[in-house]
Amino acid sequence: MARKKIALIGGGQIGQILALLAAQKQLGNVVMLDMPERENPTKGKMLDIAEAAWIGGYDAKMTGTSNYDDIAGADVVIVTAGLPRKPGMTRDDLLDINVKIIAEVAAQVKTKAPRAFCIIVTNPLDSMVYAFHKVTGFPAKQVCGQAGVLDTSRFCSFVAMELGVSVEDVSATVLGGHGPTMVPLPRLCTVGGVPLTELMKKEKIDAIAHRTREAGTEIVNLLGTGSAFFSPAYASIAMAEAYLFDKKRVLAAAAMLDGQYGIKGYFIGVPVIIGGKGIEKVIKLKLTADEQAALMKSLEAVKGAVADVDKRI
Ligand code: APR
């Protein structure tokens, strides 16, 4: 059986971790593409990973390039091309620059890898997925945004840290746009099957929900330059694996809604099933009135960014 092909568009902080994880997990051959002026560093990173294969125990062809012909026929495309945040910037401050990059990337992916499952990571996330989908015209189930897996992982990590338990036993989901309006759902969080609400006081849970919403900014401020990269890379790889191995995983992702939750025509974070057909299903949760209102508030933020995208492409 021929190896699968994973194309990484953007070979910066997240891209390089994606390449290493894809190799270690033997997802397939990996092509990392960056701008022509970054071609040598991109080749260098991929050669470095290839040279660690004997120690790491993986077989994969690692290619660094700036030529879109090299991504031809990719099974999965993960897009991180674009600028990350600096301290003081919101994700939306990136829109002007990143929408042009995403439009250019999408036009290339459309012709070179028309059957790929596409995972967008570039911020501002929800509107960049929208832009990518608009330019490619791909079926909605073939395009999604990575945010919910990371936001869920952050929430679960904070719960595990607070309770002093294994994060493996924490289960949760997060809805909404990838930004300060995201909607963690503590009501549905369980720890080894026990509702979180029975294990933690409301004030503590609220503090964890708040920290989750601001987690990206916390990292940006600590790093001083750039934004989170290990956790977004891990989250994107989990989505790629769900697709490649037809795992039917239930994960939160930015998916195009067609009336679910009263939302139509926008990508926003919801629980979905990811399997070999891509986004196979959007799971519709019964929300409380407060949760639905919070989701609608988050949608307003996404709509604002999408309107800006529509003015530009
Ligand atoms: N085509 C290909 N690559 C590009 C293009 C382009 N048109 N424009 C920029 N890039 C590349 C840059 O050269 C850089 O190597 O995208 C890479 C981005 O890497 P970093 O600057 O290190 O950013 P990173 O931390 O990886 O984050 C990427 O993901 O989470 C989001 O907010 C984050 O939008 C940011 C993106």
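Predicted model: local features only at pLDDT ≥ 70, side-chain atom pairs only at ≥ 80, totals over all residues.
Okay, let's start with Glu162, which counts as partly exposed, at 41% relative accessibility. You'll find Glu162 in helix 6, the stretch covering residues 148-163. Now, if you have the structure up, pick out Glu162 and then Lys5. In sequence, 157 residues separate them, and in space their C-alpha atoms are 40 Å apart.

Val76 belongs to strand 4, residues 76-79. Is Val76 buried or exposed? With a relative accessible area of 0%, Val76 counts as buried, because the cut-off for that is under 20%.

One more pair while we're at it. Leu18 sits in helix 1, and Leu18 is buried too, at 0% relative accessibility. Where does the ligand sit? The ligand is in the largest pocket. Helix 1 (13-24) and helix 4 (95-112) are the elements that give two or more residues to the shell around the ligand. Helix 4 gives the largest share, three residues.

So who is in that shell? There are 20 residues surrounding the ligand, and the closest are Gln13, Ile14, Asp34, Leu83 and Asn123. By type, the shell splits into seven nonpolar, ten polar and three charged residues.

An oxygen atom of the ligand is 2.6 Å from an N or O atom in the side chain of Asp34. With Asn123, the side chain again provides an N or O atom, and a ligand oxygen is 3.0 Å from it. For Gly12, it's a polar backbone atom that is 3.5 Å from an oxygen of the ligand. And how much of the ligand does the protein cover? The protein covers 89% of the 730 Å² of accessible area that the ligand has on its own.

Stay at Asn123 for a moment and look at the backbone. The peptide bond from Asn123 to Pro124 is cis, with omega near 0 degrees. Pro124 is in the loop between strand 5 (117-120) and helix 5 (125-136).

Two other backbone spots are worth a click. Take Lys248, in the loop that runs between helix 9 (230-244) and strand 12 (249-258). Lys248 isn't a glycine, but its phi is positive, about 55 degrees. Lys248 is partly exposed, with a relative accessible area of 39%.

Then there's Tyr261, in the loop between strand 12 and strand 13 (264-275). Tyr261 also has a positive phi without being a glycine, near 60 degrees. Is Tyr261 buried or exposed? Tyr261 is buried, with a relative accessible area of 3%.

Key:
Residues numbered from 1 in each chain as written. Heavy atoms only, no water. Near = heavy atom within 4 Å. Polar contact = N/O pair within 3.5 Å; in protein donor to acceptor, adjacent residues only side chain to side chain. Areas by Shrake-Rupley, 256 points an atom, 1.4 Å probe, with all protein chains shown as cover. 1 Å grid on protein atoms, 1.4 Å probe; cavity = no way out; pocket = protein on both sides within 12 Å on 5 of 7 lines; lining within 4 Å. Sits in = over half its atoms within 2 Å of the grid points. Helix = DSSP H or I, 4+ residues; strand = E, 2+ residues; numbered from the N terminus. Nonpolar A, V, L, I, M, F, W, Y, C, P; charged D, E, K, R; others polar. Buried < 20%, exposed > 50% of the residue type's maximum accessible area, 1.4 Å probe, protein only.
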